[in-house]
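Subject: Structure handover

Hello,

Here is the structure I promised to pass on. Please open it first, then read my notes below.

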Amino acid sequence: MALVLAVLTVMMAPNPVSAADRLPEFLAEIDPGTLVPGADRFGDVAGSPPVVPALAGDEVLGFVFLNSDFADATGYSGKPIHIAAGIDLSGRITGLQLLEHQEPIVLIGIPEKRVVDAIASLVGTDVAAVAEGRQPLPQVDIVSGATVTVLVMGDSVLRAGIAVVRQGRLAEVQADDVAAPAQAAERTIDMEQTEVRDWQTLVGDGSVRRLSLSVGDVNEAFERGGNEDAIARPERGEPEEPFIDLYTALATIPTVGRSLLGEAAYQQMINQLEPGEHAIVVMGEGRYSFKGSGYVRGGIFDRIELIQDVNTLRFRDRDHTRLGDVEAEGAPDFDEVSLFRIPAGYGFEPTEPWALQLLVQRATGPLDKAFTTFGLTYTPPEQYIETTPAPQVPAEPVAAGPQLGEAAALTGELAEPLWVRMWRANTGNISVALAAIGVLTVIFFFQDALVKRYRLFVWVRRGFLAFTLVWIGWIANAQLSVVNVLTFANSLITGFSWTYFLSAPLIFIFWVSVAAGILFWGRGPFCGWLCPFGALQELLNNVARALKVPQINVPWGLNERLWPIKYIIFLGLFGLSFYSVAMAEVASEVEPFKTAITLKFMRAWPFVLFAVALLVMGLFIERFFCRYLCPLGAALAIPARLAMFFPWLKRHKECGSPCQRCAKECPVQCIHPDGTINPNECIWCMHCQDLFWDEHRCPSMIQKRLRREKVASAPGAPPKLKPDAARARAVAGHPNSTPG
């Protein structure tokens, strides 16, 4: 993963995103009082990037800035998301207003209000305190299906706000506030203190800290959050009933570690930690697990995170060690005890305070969840800290002002680009995606060995399609779309940057694999194997065939004339995108992918009705949408002629003249009457290859088998068993087979 990130970082280097100073363009759309309460007008725009004072009469109450002027706010559409933010003189965000965006999932799909409500949680954030490390980095609520969009919004607002504060753009920020800090005394953990203490002593002197929550505490927290759906689903039980008792401690303090882990486990931990690494112990009991289930799915613990200054760390399974009982005398019998390693790259300061934040989630609907957080602050006891006075060197003042750019204004986690954080946070999903692509590559390279084993091939294909539908589509939300093509083409004209493509790691990985696949096998790897909606169509058609639903065989002449429809749709969307990307993205709703896959049919009824109608048509005409309407299939078919290895689909000299068996059984009718396969329409389902090798259904192979058997049955030839392969295939029930 580190190597991949390094390569991608190099790719990113030549494409910086520059600020556009667009705040003055939007001032007419902004109400001063909405962003800075009490303000009734704006003053003069000043500086670059610009800020504008919000005034009540002649009194300055705060300032307004545009996120995209100070930070990279490029969304998944490839266009900046413009958000105006108000900030008071103390550095607190007072209001946010979404001004302009081109995000496809928000234009049609997820209501804009849900996205706006998610970032509204940043209102009230003390940006000055975050910039100085006095408060942890706030987290925006995630909206399922619009994760990248919401993260870009929140990230850009915070980056911009911190830049405004650090650059001295507020009236009360003086140059002295950004002077270089005086050299502080050196504080280190005293490794000579090794006394083993009992549980009561550790809790009493602050070596172990506790967070105790009752059912009532959790219900009250959700009530304060104001989410009506969450309030309507309170935690069951009496208010005083325990919800969770959570304890934590810094295990690398010798006395604490030896007392809690025992001597042997403590020494093992110390031997395994690399220089600069530390470890904490987390202990819990009650109805709520601090581990959650996320670390099982993707290697990430999704209910706890470590926060120190502006740095936030979510632990992964590789950082986790499950412990048994706590060794300290008198310790409770905990349900869960875990040791978490803090990597050296996190920059953890063991002598400084830190917090363990607990995320409590509550389902508010089939797909939606509400969240509330509780903090457990840990301050290392002074008795374990050695202080070495440092020489006092007068600090040279550093002038504040616009010359301090974004990179100089940001530290900690925010100093790392959002796309890098997205890749790090999706390590588990990325591994699964790469493994799936690897498996598919093996299938394609060794397709002959697979299709000769009929039953194995059928179940491998169905199993892979089920994985594509469930994991790639419904779980990972990695359905590719024609919108991606339009966005990429538009970015080449308006200013290409890798940033927004890399913000969705799985989409990026699958697009790279599709591009590589086109050079080898045309559009088949995606359309036939990696498209969740295509998989849904084919699996439903398999069920329909098993239930004896009659299949419509479209006459060749009509079939050939229906093919161009999808190309006309794609070219229309492509041309429209040059006039207006937003309009093209709305028109791309001809794809039912967003409805059926991304939003899982949780949408307005006209969209659901359209998607269901296409799936119903697919019950009678296999892959009806893929054949005639899919603009993405058309976009991929255009460069399919570049395929280098299309002859890998083997043909007999009798194919097409006189034999029409493959042409009649092709699921998408892409084989011409003359026996040639149309690479623009082939989805590489390999059914024709299954027939090619079949000695009981392919007429050419039947003749070869009969000749061989005739030779084998000649006088003097050894006897040979004749397995009833045809019957075995009939039992297996290939969805497209007819009796031989």
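Is the crossing of α17 and α19 left-handed or right-handed? The crossing is left-handed.

**Overview**

Please keep in mind that this is a predicted model. The chain has 740 residues, and 52% of them count as buried. It holds 35 helices and 16 strands. I also looked at contacts between residues at least 6 apart in sequence. Of these, 73% join residues at least 24 apart.

**Two helix pairs**

Two packed helices are described by the angle between their axes and the distance between the axes.

Start with α17 (residues 427-445) and α19 (residues 454-475). Their axes come within 12 Å and cross at roughly 155 degrees. An angle over 145 degrees counts as roughly antiparallel, so α17 and α19 are roughly antiparallel to each other. On the α17 side, the residues that meet α19 are Asn-429, Val-432, Ala-433, Ala-436, Val-439, Leu-440 and Ile-443. Their partners in α19 are Val-460, Phe-464, Phe-467 and Trp-471.

Next, α12 (residues 254-261) and α13 (residues 263-272). Their axes are 6 Å apart, at an angle of about 125 degrees. That makes α12 oblique to α13. This crossing is right-handed. Pro-254, Gly-257, Arg-258 and Leu-261 are the α12 residues in contact with α13. From α13, the contact takes in Glu-263, Ala-265, Tyr-266, Gln-267 and Met-269.

**Helix α29**

This helix covers residues 605-620. At 1.5 Å a residue, its 16 residues should span 22 Å. The C-alpha atoms at its ends are 23 Å apart, which agrees.

Which residues of α29 are buried? They are Val-608, Ala-611, Leu-614, Leu-615 and Gly-618. Seen down the axis of α29, the buried residues fall within an arc of 130 degrees, so they line one face of the helix. An α-helix has 3.6 residues a turn, so residues three or four places apart point the same way.

The cover over the buried residues of α29 includes α24 (532-546), α28 (593-598) and α30 (624-628). The face turned away from the buried side carries Trp-605 and Leu-609, both exposed.

**Loops worth a look**

Arg-623 sits in the loop between α29 and α30. Its phi is near 55 degrees, a positive value in a residue other than glycine. Arg-623 is buried, with a relative accessible area of 0%.

Trp-684 also has phi near 55 degrees, again positive and not in a glycine. Trp-684 lies in the loop between α32 and α33 (687-692). At 1% relative accessibility, Trp-684 counts as buried.

Where is Pro-658? Pro-658 is in the loop between α31 (631-637) and α32 (661-665). A cis peptide bond joins Ser-657 to Pro-658, with omega about 5 degrees.

**Two single residues**

Trp-511 is in α22 (residues 505-521). Leaving out residues up to four places away in sequence, Trp-511 touches Leu-480, Ser-481, Asn-484, Val-485, Leu-632 and Leu-636. Phe-501 is 10 residues from Trp-511 along the chain, and their C-alpha atoms are separated by 9.7 Å.

Glu-220 lies in α10 (residues 215-225). With a relative accessible area of 43%, Glu-220 is partly exposed. Pro-234 is 14 residues from Glu-220 in sequence and 9.2 Å away in space, C-alpha to C-alpha.

Best wishes

Notes:
Residues numbered from 1 in each chain as written. Predicted model: local features only at pLDDT ≥ 70, side-chain atom pairs only at ≥ 80, totals over all residues. Heavy atoms only, no water. Helix = DSSP H or I, 4+ residues; strand = E, 2+ residues; numbered from the N terminus. Expected span 1.5 Å × (residues − 1). Buried < 20%, exposed > 50% of the residue type's maximum accessible area, 1.4 Å probe, protein only. Arc of directions from axis to C-beta. Contact = heavy atoms within 4.5 Å. Axes fitted to C-alpha atoms, helices over the stretch in contact; angles between N-to-C directions. Parallel < 35°, antiparallel > 145°, perpendicular 65-115°, else oblique. Left-handed = near helix turned anticlockwise from the far one by under 90°.
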